[in-house]
Amino acid sequence: MDLEKQPQKPAAPREAGDALRASDADRDRIADILRDALAEGRLDAEEHSERIDAVYRAKTLGELEPLVRDLPAAGRRSGSDPYAQESGEPAGPPENLVAVFSSSTRKGRWRVGRRTNAFSLFGSVEIDLTEALFGQRLTVINATSIFGSVEVRVPENITLRGSGTGFFGNFEVVTLEAADPEAPVVVVNGYSVFGNVEAKPKRGRRISDLHDRLRKHLG
């Protein structure tokens, strides 16, 4: 029998959903599962940071699914979650703070979006979250500083983490773990070139009555 004339076995069809483009809501859903896994001790801080980075680089659903394949999603919080009211809303575009030979500041009582991009070129960007209102668990700040500075200040009672690189400059995120498992998580990622990116808690500043304030604001 001529094996070369035998019909080739068709390749297993790829899941159609894997090729679908991922939305911001899809990424936030995966990020929430990763946050719960961190709180439950299933992931350490380094693993969580690596997977979060991959979440926001993912372009398709097929790239997102493997990031939580080894984690149970059943532990996700139900409708009692103070952030559940916001989950059905569109994420909207990221907020951009740009300082080129200038300064840009965001502080006071404002509602934090899911994503903020901060860029400094021979300038300074200040992001103060100590009086801000969080409408989601996870807030990602992408910070880039070139011959400039980006400073992020957060309340003492939220979770702060991040990862980045300094090229002849400084990139520093003071890791903070909130005692309240429902507290917001702020992740600062990016890099600095002959500049400075710094994120740390502001001593003496705390978000009080997190859940009540959030419900009042969203209501």
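Which strands make up the open sheet with parallel pairing, and in what order? I looked this up first: the open sheet has 5 strands, ordered β2-β5-β8-β12-β10, with parallel pairing. I took strands and helices as DSSP runs numbered from the N terminus, a strand being E over at least two residues and a helix H or I over at least four. Two strands count as paired if DSSP finds at least two bridges between them.

**Ground rules.** I am working on a predicted model, where local features need pLDDT of at least 70 and side-chain atom pairs count only at pLDDT 80 or more, while totals for chains, interfaces and linings use all residues. Residues are numbered from 1 along each chain as its sequence is written, and side-chain values use heavy atoms, with hydrogens and water left out.

Then I checked the neighbours of β5. It runs parallel to β8 (residues 149-154), joined by 5 bridges, and D128 stands opposite R153 in β8. With β2, the parallel pairing of β5 covers 4 bridges; there I found E126 in β5 as the bridge partner of T105.

**Confidence.** I looked at pLDDT, the predictor's confidence in each residue from 0 to 100. The protein averages 78, and 75% of its residues reach 70 or more.

Most residues other than glycine have a negative phi, so I listed the exceptions I came across. F122 has a positive phi of about 55° and lies in the loop between β4 (115-121) and β5. F168, in the loop between β9 (159-167) and β10 (170-173), has a positive phi near 55°. How exposed is F168? It is exposed, with a relative accessible area of 72%, while F122 is partly exposed at 42%. My cut-offs are under 20% for buried, over 50% for exposed and partly exposed in between, with a 1.4 Å probe and protein chains only.

**Helix α2.** I checked its length: the 13 residues (45-57) should span 18 Å at 1.5 Å a residue, and the end C-alpha atoms are 19 Å apart, which agrees. The expected span is 1.5 Å times one less than the number of residues. Buried in α2 are H48, S49, R51, I52, A54 and V55.

**Whole protein.** I noted 4 helices and 12 strands. Of the 219 residues, 42% are buried. Among contacts with a separation of 6 or more, 71% join residues 24 or more positions apart.

Notes:
Contact means heavy atoms within 4.5 Å.
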